[in-house]
Amino acid sequence: MIERYAVYGFETTHDALSAERALAKAGVPFTTIPTPKSLGELCGIALRVPIAVAPDAEGALEAAGLAWKARAEIDDRTPSGLSR
Amino acid sequence: MPHDGIIYLDHAATSWPKPPEVLEAIAYALGPAGGNPNRSAHRLALAAARLMLESRSTVASFFGVPDARDLLFVPGCTFGLNMALKGLLEPGDRAVVSSVEHNAVVRPLAVLEKAGVEVVRIPTDRSGRIDLDAAEALVAARPTKAVVCQHASNVTGAIQPIGDLADIAHDHGAILVVDGAQAAGHLKVDVTALGADVYVASGHKGLLGPQGIGVVYLAPVIEVRELVQGGSGGDSGSLTMPAARPDRYEAGTPPVPAIAGLGAAVEVLSREIDALVVQEQRLVQRLVAGLAAIDGVRVLGPAPGEERAPVASIVHASVEPDRLAYELDSRYGIAVRAGLHCAPAAHAAAGTLETGAVRFSIGRGVTEADVDLALEAVREVCSK
């Protein structure tokens with residue numbers, strides 16, 4: 001079974017960790033990971049959530065007034081790669 | 001009561017002793033959270049970054065800053081004031097500034113004045129408070145980029161009418177820059193309610209944190225050039241600093257232990273500030289009344305009973321300030337500061353530029369007994 005994820009990149013670490021707080025508060029499962037290079041020139045911390053809960057994650061971020069700068073979808077076959 | 005045999009009345013220089021929570025937070029930042037924040041994403045780095053987020057949120061909340069991204073960590077109040085003034089003012093601009101500023105404002109403005117910034121000064125009354133009518137006339141006279149003023153004096157304790165000054169500045173399209181070094185932690189400060197566009201504070205004085213950290217509040221609409229460029233952990237391919245706050249203003253590895261210590265200190269303050277302000281006001285009024293009653297002593301600044309920051313500076317008719325400070329320390333274990341207090345402009349206004357003065361400053365942990373012992377010691381030294 002291949003797991004798919006949505007990854008969110010942020011402009012600053014402050015925003016990334018504020019987003020981490022917002023997801024935790026909303027009960028959305030997430031993992032904090034190094035930002036994949038192909039996500040662009042962002043801060044070094046990104047948040048990965050199972051694709052099934054991506055809408056919940058995005059709702060929680062929007063409710064907290066937090067904007068991600070880049071979003072991508074990846075799977076667990078190629079941890080460092082992205083399939084957009 | 002005395003700590004380690006010391007009655008510490010030099011809180012305007014730096015607060016001491018620090019709350020134990022500060023030392024614990026610093027130890028945590030150097031140990032389990034000892035990574036480099038904003039760079040890596042391993043557990044040590046994330047712990048450091050989370051400490052920064054918590055501290056920034058705590059300090060922002062303490063100052064009434066709605067968005068913590070507008071609360072910047074800098075190496076100190078002096079750095080923050082340099083950043084604000086040099087990042088705002090360009091040759092041809094005009095700044096209106098109080099005539100009693102600390103050298104942290106006076107010296108960068110002197111550099112800017114040489115470079116072509118016009119600097120005009122607001123007179124003060126005998127107590128050290130600015131003349132608001134004069135301020136309005138000066139700001140209205142010509143287009144003014146910035147109005148610059150301390151919130152409270154480190155020499156006289158005079159508290160400036162910042163809210164009124166904000167109205168004057170904004171009515172004439174100017175930005176208000178406030179040096180909060182002696183107010184933060186001693187007065188309740190809500191930067192939004194005050195109307196300050198830029199508010200700079202020291203972390204190690206009234207805020208009870210360690211040395212090596214200060215904070216700058218920049219209102220969201222205010223554009224200030226960053227003073228320092230370097231690594232920010234993000235947008236690394238660009239030759240310029242990222243535009244987003246706080247990263248734009250925090251180049252280089254941040255001093256996480258100092259930031260964590262400040263966050264812990266402000267957590268303590270957030271619980272205690274209401275009672276602390278009342279206690280410090282009570283003690284400083286007791287101190288001022290007692291000092292004013294000693295033969296030959298003149299207390300600078302507001303009269304006894306008038307509002308002031310918890311600072312009282314004195315001169316004596318025959319005992320020089322340095323001698324009084326030495327006697328208080330060596331004979332009584334009382335720590336005070338003699339001299340010009342890095343604020344010759346304030347001393348010039350008070351008529352003590354030639355002599356300097358002895359400053360007593362109150363903070364967390366000072367008791368009524370400490371004040372009374374200090375008064376008794378001053379009486380003894382000055383009676384010989």
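This is a predicted model: local features need pLDDT of at least 70, side-chain atom pairs count only at pLDDT 80 or more; totals for chains, interfaces and linings use all residues.
User: In what order do the seven strands of the open sheet in chain B stand?
Analyst: The edge strands are β2 (71-74) and β4 (118-122) of chain B, each of which pairs on one side only. Neighbouring strands of this sheet are turned against each other by 20° on average, direction ignored. The pairing is mixed, and the order of the seven strands is β2-β8-β7-β6-β5-β3-β4.

User: Which residue in β7(B) stands opposite B:Val178?
Analyst: Strand β6 (residues 175-179) and strand β7 (residues 198-202) of chain B run parallel and are joined by three bridges. Strands of a sheet pair through backbone hydrogen bonds, either parallel or antiparallel. The residue of β7(B) opposite B:Val178 is B:Tyr199.

User: Why is one side of β9 and of β12 of chain B left without a neighbour in the sheet?
Analyst: These strands belong to an open sheet of four strands in chain B, with antiparallel pairing and the order β9-β10-β13-β12. β9 (297-299) and β12 (337-339) of chain B stand at the edges, so one side of each lacks a neighbour in the sheet: each has a single partner strand.

User: Which residue in β10(B) stands opposite B:Val297?
Analyst: β9(B) and strand β10 (residues 311-316) of chain B run antiparallel, with three bridges joining them. The residue of β10(B) that stands opposite B:Val297 is B:His316.

User: What angle does the direction of α8(B) make with that of β10(B)?
Analyst: Helix α8(B) packs on the sheet and touches β9, β10 and β13 (357-361) of chain B. The direction of α8(B) makes an angle with that of β10(B) of about 10°.

User: How many residues of chain A are in contact with chain B?
Analyst: Chain B and chain A bury about 1500 Å² between them, and 57% of this area is on carbon and sulfur atoms. In chain B, the residues that lose the most area to chain A are B:Ala41, B:Leu53 and B:Arg69, together 32% of what that side buries. On the side of chain B, 22 residues take part in the contact, and on the side of chain A the number is 17.

User: Which residue of chain A meets B:Arg50 in a salt bridge?
Analyst: Side chains of opposite charge can pair when their charged atoms come close. The count between chain B and chain A is two salt bridges. In one of them, at 2.6 Å from N to O, the side chain of B:Arg50 meets that of A:Glu20.

User: How many charged residues are on the side of chain B that touches chain A?
Analyst: Across the interface of chain B and chain A, six residue pairs are in polar contact, both residues being at pLDDT 80 or more. The residues of the side of chain B that touches chain A divide into seven nonpolar, seven polar and, as charged residues, eight.

User: How many residues apart in sequence are the parts tied together by B:Arg271 and B:Glu21?
Analyst: The whole structure holds 27 salt bridges over all chains. B:Arg271 and B:Glu21 form a salt bridge in which the closest N and O atoms are 3.8 Å apart. B:Arg271 lies in helix α8 (residues 256-292) and B:Glu21 in helix α1 (residues 20-30) of chain B, so the pair ties together parts whose separation in sequence is 250 residues.

User: What is the omega of the peptide bond from B:Arg245 to B:Pro246?
Analyst: Most residues other than glycine have a negative phi, and most peptide bonds are trans. B:Pro246 is found in the loop between β8 (214-218) and α8 of chain B. The bond from B:Arg245 to B:Pro246 is cis, with omega near 0°.

User: Where is B:Asn38 found?
Analyst: B:Asn38 is a residue other than glycine with a positive phi, near 70°. Its place is the loop between α1 and α2 (43-62) of chain B.

User: How far apart in space are B:Thr355 and B:Leu340?
Analyst: B:Thr355 lies in the loop between α10 (344-350) and β13 of chain B. Leaving aside neighbours within four places in sequence, B:Thr355 is in contact with B:Val315 and B:Pro321. B:Thr355 and B:Leu340 are 15 residues apart in sequence, and their distance in space, C-alpha to C-alpha, is 8.3 Å.

Conventions: Residues are numbered from 1 along each chain as its sequence is written. Chains are lettered from A and ligands numbered from 1 in the order in which they are written. Side-chain values use heavy atoms; hydrogens and water are left out. Two strands pair if DSSP finds at least two bridges between them. Helices (H or I, at least four residues) and strands (E, at least two) are DSSP runs, numbered from the N terminus. Axes are lines fitted to C-alpha atoms, for helices over the stretch in contact, and angles run from 0 to 180 degrees between N-to-C directions. Contact means heavy atoms within 4.5 Å. Buried area is the accessible area (1.4 Å probe) that two parts lose on being put together, summed over both. A salt bridge is a side-chain nitrogen of Lys or Arg within 4 Å of a carboxyl oxygen of Asp or Glu. A polar contact is a pair of N or O atoms within 3.5 Å; within protein, one must be able to donate a hydrogen and the other to accept it, and residues adjacent in sequence count only if both atoms are side-chain atoms. Ala, Val, Leu, Ile, Met, Phe, Trp, Tyr, Cys and Pro count as nonpolar, Asp, Glu, Lys and Arg as charged, and the others, Gly among them, as polar.
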